[in-house]
Amino acid sequence: MADAPPGVQGEGFFAGKLSDVVGLARANSLWPLPFATSCCGIEFMATMASHYDVARFGSERMSFSPRQADMLLVMGTIAKKMAPVLRQVYEQMAEPRWVISVGACACSGGIFDTYSVLQGIDKVIPVDVYVPGCPPRPEQILDGILQLQELVKNESVRRRSSPEYVELLASYNIK
Amino acid sequence: MALDNTIIQESLRGRFGDDVADFKQIHDILTFEVASGSIREVIQFLRDDQTLRFNFLTTLCGMHFPDAEQSRQIAVVYHMHNWIDNVRIRIKCYLDGDAPEIDSVADLFLSANWQERETYDFFGIIFKGHPQLKRILNMDEMVSFPLRKEFPMEDGGRTDKDDRFFGRTTDNC
C-alpha cells in the first residue's frame, strides 16, 4: 500500500494538497504502452510476467492502444523508417504522458551507429527516464519505472500548461 | 546425364558470341561476365533452353568498385540454379560508374522485383522496365545509396561516441 502524502490528519478526516493525491493516484496506476522492437522487449516480457511482476507497481494492464496509456516504454532499436511511427504513437497518447527509453539502442542508438538507425529516440520525442543496459535486466526496468513514479508524484497537476513543457514540445515540433 | 560446365559454356558461346566472356570456376560455381546490353536475353535463354533449364533466380545484388575504371565501377551479380540437375551459375554484369543502368528481369522472374528494388535502394542502379522502382528497405527521404563506398556507414548525428575514448584516431578507424 502507498504511504499517505504529507497533510493534517485527525479523527475521521485528512487534509492535504490535491496535487499530492492526484500525483499519488497517477504514479500508482501507470498504464504502460510497450513499444518493443527487439531484445529489450523480451526483457520487458519477463518484467511483466509473474516472477518480476510489474503489476506490483500498479501497471497490471498493458495498453496496446496509445489513447489509453500513460507510460510509453520504447524498447529496442528504432530504425529511421520506424521513427515517424513512434512519433505518431506518442502524439496519439493523451496527457498526461511519460516516456521511458529502455536499453542502449533506444537511448543512443547503441552499437548500431549506422545510416539506417535512429541515434536515440530523444531525437524525435521527449524522454523522461533512460534505462541503460544491453539489454537491461528486469530489475533495471523496474527501477526505471520507480524513478518515473517519483517524477509523477512530484509533478504539477497542470504540467501540460507549464511554460517549460510547452517549450519542450515546441522544440520537437509536437502540437 | 549431369549438366556439365562445358555444355553451359558452349551453348552460351554459340548463342551470344562475345557478349559472354571470362568463364571460370569460382568456389564450385561457374562464373562468367555478360555485356550489360544482353542480360535479359541471356537470362531468358538460360531459363527457357531445354538443356540448361536454370529455372530459379537465387539472388540478385550489386557491387561497387570505386577504384576500377569508369566503365566497370558498378556491377550486378545474378545467381541462378537449375533444380533438375542441381547446378548453379553466377553471372556478373559490369556497368558505368556514373550512369549505372541495366534491363530489368522482373518479368522473367517475379522474385527479381523486390531484389532489383533493393539493389536500386542500396547502389542506385536503374533497372529499366521495372514496374515500381522505388526504395524498399530504407526510408523514402534518404538521398544517398548507402552501400556505395563513398557514403559513410556511420550516422553523422551520433553525439555520445567520442573516438578518443575508444582508442580510435583518424588513422586507424
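This is a predicted model: local features need pLDDT of at least 70, side-chain atom pairs count only at pLDDT 80 or more; totals for chains, interfaces and linings use all residues.
Student: Which element gives the most to the lining of the largest pocket?

Tutor: Helix α5 of chain A gives the most, with 4 residues. The elements that contribute two or more residues are α1 (18-27) and α5 (138-153) of chain A. By residue class, the lining comprises 7 nonpolar, 3 polar and 5 charged residues.

Student: What lines the second largest pocket?

Tutor: This pocket has about 170 Å³ of space. Its lining includes A:Tyr90, A:Arg97, A:Glu164 and A:Tyr165. Helix α6 (residues 163-171) of chain A supplies the largest share, 3 residues. The lining divides into 5 nonpolar, 2 polar and 5 charged residues.

Student: How are α1(B) and α2(B) oriented to each other?

Tutor: One reads the angle between the helix axes. The axes of α1 (residues 5-16) and α2 (residues 39-48) of chain B come within 11 Å and cross at roughly 135 degrees. Angles over 145 degrees would count as roughly antiparallel, so these two helices are oblique to each other. Their crossing is right-handed.

Student: Which residues make the contact?

Tutor: B:Ser11, B:Leu12, B:Arg15 and B:Phe16 of α1(B) meet B:Glu41, B:Val42, B:Phe45 and B:Leu46 of α2(B). Of these contact residues, 5 are nonpolar, 1 is polar and 2 are charged.

Notes
Residues are numbered from 1 along each chain as its sequence is written. Chains are lettered from A and ligands numbered from 1 in the order in which they are written. Side-chain values use heavy atoms; hydrogens and water are left out. Ala, Val, Leu, Ile, Met, Phe, Trp, Tyr, Cys and Pro count as nonpolar, Asp, Glu, Lys and Arg as charged, and the others, Gly among them, as polar. On a 1 Å grid over the protein atoms alone, a cavity is a set of points where a 1.4 Å probe fits but cannot get out, and a pocket is an open set with protein on both sides within 12 Å along at least five of seven lines; lining residues have an atom within 4 Å of a point. Grid points are joined across faces, edges and corners, and a volume is the space filled by probe spheres set on the points. Axes are lines fitted to C-alpha atoms, for helices over the stretch in contact, and angles run from 0 to 180 degrees between N-to-C directions. Angles under 35 degrees count as roughly parallel, over 145 as roughly antiparallel, 65 to 115 as roughly perpendicular and the rest as oblique. A crossing is left-handed if the near helix is turned anticlockwise from the far one by less than a right angle, and right-handed if clockwise. Contact means heavy atoms within 4.5 Å.
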